[in-house]
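Look at the fold below before reading on. The paragraphs that follow go from one residue to its surroundings.

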Amino acid sequence: MRPRSMGVPIPQSLVEWLRSWRKEGKVELEVTRHETPHKNARPQDRRGLVTMVIVHGDAGRSDAGTIAWIRDPASMVSYHYLIGRDGKVHQFVDEDMRAWHAGQSAWGDSTHLNNCSIGVCLANDGTGGEGYRHEQYDSAGRVVAAIMERHSIPLSMVRGHDEVSPGRKTDPWSWFDWAHLYSRIGLWAAGRLP
Ligand SMILES: [Zn+2]
């Protein structure tokens with residue numbers, strides 16, 4: 001089933017690019033796996049179809065601290081992917097499982113978006129004093145482009161946590177440069193980066 005597209009649709013050509021790019025074996029993303037207790041099965045009906053990517057910023061002073069917090073049984077928080085300040089990609093939850101990142105959330109006629117989304121988080125201190133790094137946009141672009149390809153997700157369904165939990169969440173915050181992320185997704189999709 002095709003996900004319903006919201007907002008400005010991505011050109012279908014990008015999806016085609018992504019497919020051919022994958023076939024050519026251009027994806028060589030190094031991912032470090034970690035365990036977390038904060039995950040469970042997606043619903044086995046249409047509510048559990050993956051139709052969105054939700055982008056987060058995690059307020060933490062160090063990548064190691066954020067990783068430890070996601071692993072901590074007390075946190076009740078997880079993301080599928082965390083992009084460290086050095087651009088390294090950490091995975092905590094398989095994409096077919098539900099990670100606990102969005103909480104109370106809604107988009108279109110969907111609610112409880114942990115059911116139908118993949119959470120990608122970029123490490124940041126959350127104060128506004130630390131910009132996201134070039135390496136993080138590069139890695140996030142690769143991760144998000146690959147997710148879009150795997151699940152046929154249009155760019156219009158790549159959304160910020162602030163957009164799906166308005167009034168409750170503000171990450172990835174105003175200093176997250178969406179145009180920068182889009183440019184990296186496009187470049188990776190076209191296979192233009194080394
Ligand atoms: Zn968030």
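Which residues does V120 touch, not counting residues up to four places away in sequence? V120 touches V53, V55, Y79, H80, Y81, A140, V143 and V144; two residues are in contact if their C-beta atoms, placed from the backbone, lie within 7 Å. This is a predicted model, in which local features need pLDDT of at least 70, side-chain atom pairs count only at pLDDT 80 or more, and totals for chains, interfaces and linings use all residues. Residues are numbered from 1 along each chain as its sequence is written.

The strands come next. Strands (E, at least two residues) and helices (H or I, at least four) are DSSP runs, numbered from the N terminus, and two strands pair if DSSP finds at least two bridges between them. In this model 6 strands form an open sheet with mixed pairing, in the order β1-β5-β4-β9-β3-β10. β1 (31-33) and β10 (158-160) stand at the edges with a single partner strand each, so one side of each has no neighbour in the sheet. Strand β4 (residues 81-83) and strand β5 (residues 89-91) run antiparallel and are joined by 3 bridges. Within this pair, L82 stands opposite H90 in β5.

Helices pack on the sheet too. Helix α2 (residues 63-71) touches β3 (52-59), β4, β5 and β9 (117-124). Helix α3 (residues 134-151) touches β3, β4, β5, β9 and β10. The direction of α3 makes about 175 degrees with that of β9; axes are lines fitted to C-alpha atoms, for helices over the stretch in contact, and angles run from 0 to 180 degrees between N-to-C directions.
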